[in-house]
Amino acid sequence: MSKSAAGKVARLNDLQKPGLKISMAAEKVPVGAYTREMLKKASVELGERWRTHVTANTVSLESNVSAVFSRVEMDEVDAGLVYRTDAIRAKTSVMREIPKQWNVRAFYYVAVPKDSENALTGQKLVKFVLDKRGQEILAKHGFKPPK
């Protein structure tokens, strides 16, 4: 969220406050689908009315996560729902984590297709992603270790 809104939004519940301006990705964008799944999970506890207010506070539906992040960074909105990996690179905004019970995790897979013309290069990439140096780079950018 923008630094100017940091005092207004301490918890996820605060996203329903009247007058708050929220940006999120469109529903067909992966982060937009994850956002709606999270809102649905949170509304079980916070209430359907909460979700209705959050939706009413949404002033922009962006075509990608970078656009949501940029709107927050430029202080055009009070809050935006983005991936943690985007939020950790914030320069002018403040990150608030989604509580674990409501969070929706994105999973990324790495593999080499059986019929790949570049199987050796693909195997090297997979090995690099999974080795210590690759994991250090991914962790630096907010990614969790593989399972």
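Visitor: Why is the contact between E48 and R51 called a salt bridge?

Guide: In this predicted model, the closest N and O atoms of E48 and R51 are 2.8 Å apart. The cut-off for a side-chain nitrogen of Arg and a carboxyl oxygen of Glu is within 4 Å, so the pair qualifies.

Visitor: Where do E48 and R51 lie?

Guide: Both are in helix α2, residues 48-56, three residues apart, or about one turn of the helix.

Visitor: What makes E48 partly exposed?

Guide: Its relative accessibility is 43%. Buried needs under 20% and exposed over 50%, so E48 lands in between. R51 has 22%, so that one is partly exposed too.

Visitor: How do you know that R71 and E62 form a salt bridge?

Guide: Their N to O distance is 3.3 Å, and the rule asks for within 4 Å, so they pass. There's also a network of salt bridges linking E62, R71 and E76.

Visitor: Why is E62 called buried, but R71 partly exposed?

Guide: E62 has a relative accessible area of 15%, and under 20% means buried. R71 has 22%, so it falls between the 20% and 50% cut-offs.

Visitor: What makes E97 and R84 a salt bridge?

Guide: The closest N and O atoms are 3.1 Å apart, so the pair meets the 4 Å rule. E97 sits in the loop between α4 (84-87) and α5 (119-130), while R84 is in helix α4, so the bridge ties together parts that are 13 residues apart in sequence.

Visitor: How many salt bridges does the rule give?

Guide: The count comes to eight.

Note on methods: Residues are numbered from 1 along each chain as its sequence is written. This is a predicted model: local features need pLDDT of at least 70, side-chain atom pairs count only at pLDDT 80 or more; totals for chains, interfaces and linings use all residues. Side-chain values use heavy atoms; hydrogens and water are left out. Helices (H or I, at least four residues) and strands (E, at least two) are DSSP runs, numbered from the N terminus. Buried means under 20% relative accessible area, exposed over 50%, partly exposed in between (1.4 Å probe, protein chains only).
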